[in-house]
Amino acid sequence: MDDMMRALDWLKVKSTLHNAALASKSCTGRTLGEDREPVWVEGSKGTPEAPPTTEELPAPKEEVPLPARTDSEPSISCFPDAQAINASIVKREMAEEGKKCVRRQLMALKDKQDAMRLSRAAQHKEDERQRDQLQQKALRERELIQKADQMTAAQLEAQQREQLVLRQHTDQKLHKLALEGVSRCQNRFSQKYEGIARILLSLDKETVQVCATQNTQLKELGQKFNQLVSNVKVGKCEMQSQFLCYIIKAEEYCKSLDVLELDIIKQLAEFSEQIQQQLKMEAAKKHEEERQKQLEEEKQRLEKEEAEAREKQQLAETAKAEAAKDPAPQEPKAQEAPPAATAISACVHPDRLKLYNEIISLYQSKVDAVKPLQTDESLKQYRTGCQRAINLPLNAISAVSPQHLTQNFDKLYSFFAGQPIKVMNGSTITINDHPLARDYCMLLMAKKFVSQTETAISSNPQAAFPFASVIVTFWKLLPDFGQVFLAYMYKESPFLVPYVIPQQQGQTPEQYLKTIGYRLSDKNELEKPDIYLKRQSGIARLYAAVIITQGRKAAGPDQCFELEEGWIWLAHMVNVKPLPDISATLIMEILQTLGFELWRTYGKQFVKLLMYIQNIYMPQLAAYDEGGPKTRLEMLLAKFLRERQIPQAIGVLPPGFW
């Protein structure tokens with residue numbers, strides 16, 4: 001850069017020297033001051049050169065007129081040498097110009113150096129400032145990172161503490177739930193265990209030997225359940241899910257105990273059948289011996305009567321002969337007294353028997369009336385269509401929603417109202433197509449409702465209430481339907497009258513069991529007692545649900561079958577002859593379904609009835625029944641009287657449901 005500056009300055013100096021040389025060569029006069037035309041002196045040394053042409057010199061900017069030359073103007077030649085002067089002037093000017101140029105260059109260089117120094121200082125300060133900012137930023141970042149690490153560590157520690165507390169709280173909750181669940185299962189298990197133990201204790205040694213395997217299984221189940229209860233109380237588990245496993249195991253033990261009870265009952269029933277067969281054989285043998293003995297006695301009696309008759313004849317002949325000799329009036333023989341009237345049977349109350357006979361008579365009259373429709377083969381397709389019109393909506397009845405219940409009821413009632421129904425072949429039928437179709441469909445629908453007790457209601461007790469609501473609604477609209485429905489109920493379970501049908505003389509046990517509701521299988525085998533009891537429980541549940549369930553409000557009066565029917569049934573049931581298993585099962589089912597409403601309605605009177613059942617009826621029942629249902633009924637009564645309340649049955653439809 002310095003070299004370039006020096007080169008530029010040198011060019012300026014060279015240009016100045018060139019101009020000065022031209023001036024000194026072309027003029028000999030004064031060169032300072034304003035520019036004038038040069039004064040040419042003639043006769044100077046040498047011959048003057050001609051002035052430069054316009055082509056050689058640049059044109060002056062402005063011509064300044066020169067004063068007129070006079071003779072008095074001194075000649076230049078009288079002054080010192082003009083060239084020397086001009087040269088000295090040029091030299092001095094060049095020196096000054098050089099000094100000025102050097103000063104300017106020095107000043108420029110100094111300015112540049114100052115500017116560069118200031119720039120470098122500013123840059124240095126900026127660099128230091130940025131360096132400080134970076135250091136401060138790095139320091140802040142380190143502090144933030146440290147704070148973040150500290151906060152993260154604190155949060156992590158807090159989260160770990162919260163998780164530990166939450167886990168402890170969850171473990172406590174699960175432990176509590178496990179205790180509650182196992183406690184409920186323990187109550188069930190204890191009741192069932194005590195019932196089975198009572199059954200086994202009530203047996204003789206020979207019968208107990210038959211159930212030796214079940215007795216061992218019972219002890220093992222008791223030990224396992226006690227061990228499970230101990231583990232739950234201690235809270236011994238490795239993971240949270242094990243608490244739930246405790247409840248599942250407890251449920252499994254309860255189910256195993258139920259299976260064991262059924263197995264014991266089955267074993268005892270088979271043993272009882274064997275004993276009964278032996279007794280029958282012994283009874284037949286004894287009966288044969290008694291018959292032989294009776295024949296001999298009858299023979300002896302006849303012989304004796306013949307002898308007495310001969311003696312009487314002889315005496316009569318003797319008396320006749322004497323009377324012929326001495327006739328006298330004879331005294332009239334005393335009239336024999338009529339036999340005493342028999343007492344009313346303890347199997348059914350006369351009023352209930354009258355109601356039962358009226359309902360059965362109405363049912364039988366309708367059955368007899370529809371036989372032409374039922375037996376006519378040409379009407380088979382029509383009967384199938386009627387069955388389809390009833391079965392499809394009836395099977396779909398449930399309490400999913402009021403709209404669902406209303407929809408299925410409307411399908412049934414529209415058919416009874418005469419609306420056409422499509423059948424499988426695309427044609428339509430109505431209930432008015434045959435004069436007997438209404439009674440036939442009414443019988444069919446009542447039978448179908450009762451059949452739900454052994455399918456839907458036995459497995460799901462809550463299903464009884466939507467069926468009961470539809471039944472009550474039809475009862476309001478078709479009063480005969482209610483009587484037909486009761487007739488089917490009484491046919492399947494006469495205990496709902498209550499009517500304990502007595503065993504007739506000469507009637508076999510199988511025939512008697514069929515009269516009280518037992519069924520025969522396809523192989524002509526009598527159904528098992530547990531299946532019979534389950535079906536009877538479903539029938540009783542539907543019967544009780546009809547008593548307390550309201551129908552559709554728009555269909556008529558509030559109730560057709562009042563709560564009083566439940567009270568009457570209980571009061572009569574405890575005054576008829578008790579039967580094993582079935583009596584306790586039905587009373588327990590009615591109490592569980594109707595107990596809440598009966599207690600709320602009758603209050604202290606119902607409590608008195610419960611105390612009568614516990615203190616008077618149960619000892620009477622114990623003379624006939626020592627099985628599981630009787631034990632469960634005892635525990636249920638004790639619980640109701642101890643807690644002074646009966647919970648409402650699950651699934652009861654609220655008023656105005658549809």
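This is a predicted model: local features need pLDDT of at least 70, side-chain atom pairs count only at pLDDT 80 or more; totals for chains, interfaces and linings use all residues.
Local features require pLDDT of at least 70 and side-chain atom pairs count only at pLDDT 80 or more, while totals for chains, interfaces and linings use all residues. Residues are numbered from 1 along each chain as its sequence is written, and side-chain values use heavy atoms, with hydrogens and water left out.

Helices here are DSSP runs (H or I, at least four residues) numbered from the N terminus. Axes are lines fitted to C-alpha atoms over the stretch in contact, with angles from 0 to 180 degrees between N-to-C directions. The table gives the values for two helix pairs.

| Pair | Residues | Axis separation | Angle |
|---|---|---|---|
| H8 and H10 | 380-395 and 437-451 | within 10 Å | roughly 40° |
| H9 and H10 | 402-416 (H9) | 11 Å | about 155° |

H9 is therefore roughly antiparallel to H10, a term for angles over 145 degrees. Contact, meaning heavy atoms within 4.5 Å, involves Leu412, Phe415 and Phe416 of H9 and Arg438, Cys441, Met442 and Met445 of H10. Six of these residues are nonpolar, none is polar and one is charged. In this classification Ala, Val, Leu, Ile, Met, Phe, Trp, Tyr, Cys and Pro are nonpolar, Asp, Glu, Lys and Arg are charged, and the others, Gly among them, are polar.

On the H8 side, the contact includes Tyr382, Arg383 and Cys386, and on the H10 side it includes Ala437, Tyr440 and Cys441. The contact of H8 with H10 comprises 10 nonpolar, three polar and two charged residues.

**Cavities**

Two cavities of 30 Å³ or more are found in the whole structure. A cavity is a set of points on a 1 Å grid over the protein atoms alone where a 1.4 Å probe fits but cannot get out. The largest cavity holds about 60 Å³ of space, a volume being the space filled by probe spheres set on the points. Its lining residues, which have an atom within 4 Å of a point, include Ser469, Thr549, Leu653 and Trp658. By class, the lining has five nonpolar, five polar and no charged residues.

**Backbone features**

Most residues other than glycine have a negative phi, and most peptide bonds are trans. Val497 and Pro498 are joined by a cis peptide bond with omega of about 0°. Pro498 belongs to the loop between helix H13 (479-492) and helix H14 (509-515). Asp581, which is not a glycine, has a positive phi of about 70°. Asp581 is placed in the loop between helix H16 (564-573) and helix H17 (582-602).

Key
Helices (H or I, at least four residues) and strands (E, at least two) are DSSP runs, numbered from the N terminus. On a 1 Å grid over the protein atoms alone, a cavity is a set of points where a 1.4 Å probe fits but cannot get out, and a pocket is an open set with protein on both sides within 12 Å along at least five of seven lines; lining residues have an atom within 4 Å of a point. Angles under 35 degrees count as roughly parallel, over 145 as roughly antiparallel, 65 to 115 as roughly perpendicular and the rest as oblique.
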